[in-house]
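Subject: Structure for your review

Dear colleague,

Please find the structure below. The findings follow it.

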Amino acid sequence: MSATPSLSPATPLGFEALYRQEIGFVWRTLRFLGVGAADVEDVAHEVFIIVQRRFGDLDPQRSPRAWIGGITRRVVLHHRRSLSRAERKKAALQQVPVPDAEHPDRALSRREAAQLVQAFLDTLDPPRREIFVLMTLEGLTGREVAEIVGTSPNTVSSRLRSARRDFDRFLAQRARAGGAHGHG
């Protein structure tokens, strides 16, 4: 095997050569920064998609490894935020507090209500679902939600109104369906 050429700011590399030279570095960096083994390949692909898209921005006077390292770090931060949001959503939707000595009828009603809300949430597109959950179920303010989702408070209000209208329609349809079954 021949020695791999070292990367220096003066070494002009094409994208493919840069990829071959740095994939190991990116892979190790992802693992060291806490990306799970199951996600490393996908996250590494994300890194190199950005590297390819921004390849023309690489300053020949700058270390390519440092440049790729910065991109890798930002992709890891984005990946962590995405995982954290998904975990919080999942945990919030799965947690229904049940008092220790709750009457069985009340426990059944709570479970049915939680299932009803979950069924409704499954009908919403992700932006409206996120806002509905954060404001209606978690009690955050419109300004807080706007900051979290990266949109304007007006957009948050509009999406919340739309989701609440859909919820009212969803409940009305369920009530009609329940009434129809009760007459049979």
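Leaving aside neighbours within four places in sequence, with which residues is Trp67 in contact? They are Leu18, Val51, Arg54, Phe55, Leu58 and Arg62, where contact means heavy atoms within 4.5 Å.

The model is predicted, so that local features need pLDDT of at least 70 and side-chain atom pairs count only at pLDDT 80 or more, while totals for chains, interfaces and linings use all residues. Residues are numbered from 1 along each chain as its sequence is written, and side-chain values use heavy atoms, with hydrogens and water left out.

Nonpolar cores

Trp67 is also among the residues with the most contacts inside the largest nonpolar core, together with Val26, Leu30, Val47, Val51 and Ile68; this core has 17 residues. A nonpolar core is a set of buried Ala, Val, Leu, Ile, Met, Phe, Trp, Tyr and Cys residues joined through side-chain atoms within 4.5 Å, and buried means under 20% relative accessible area (1.4 Å probe, protein chains only). Two or more residues each come from helix 1 (15-32), helix 2 (40-53) and helix 3; helices are DSSP runs of H or I with at least four residues, numbered from the N terminus. Helix 2 contributes the most, with six residues. Another core lies apart from it and has 15 residues, including Phe120, Leu124, Phe132 and Val145.

Ile131 is placed in helix 5 and counts as buried because its relative accessibility is 0%. Beyond four places in sequence, Ile131 is in contact with Thr136, Val145, Val156, Arg159 and Leu160. Ile131 and Val145 are 14 residues apart in sequence, yet 6.8 Å apart in space, C-alpha to C-alpha.

Helix 4 (residues 104-121) packs against helix 5 (residues 126-137) at an angle of about 145°, and their axes are 11 Å apart. Axes are lines fitted to C-alpha atoms over the stretch in contact, and angles run from 0 to 180 degrees between N-to-C directions. Helix 4 makes the contact through Val117, Gln118, Phe120 and Leu121, and helix 5 through Arg129, Phe132, Val133 and Leu137. These residues divide into six nonpolar, one polar and one charged; Ala, Val, Leu, Ile, Met, Phe, Trp, Tyr, Cys and Pro count as nonpolar, Asp, Glu, Lys and Arg as charged, and the others, Gly among them, as polar.

Conventions:
Buried means under 20% relative accessible area, exposed over 50%, partly exposed in between (1.4 Å probe, protein chains only).
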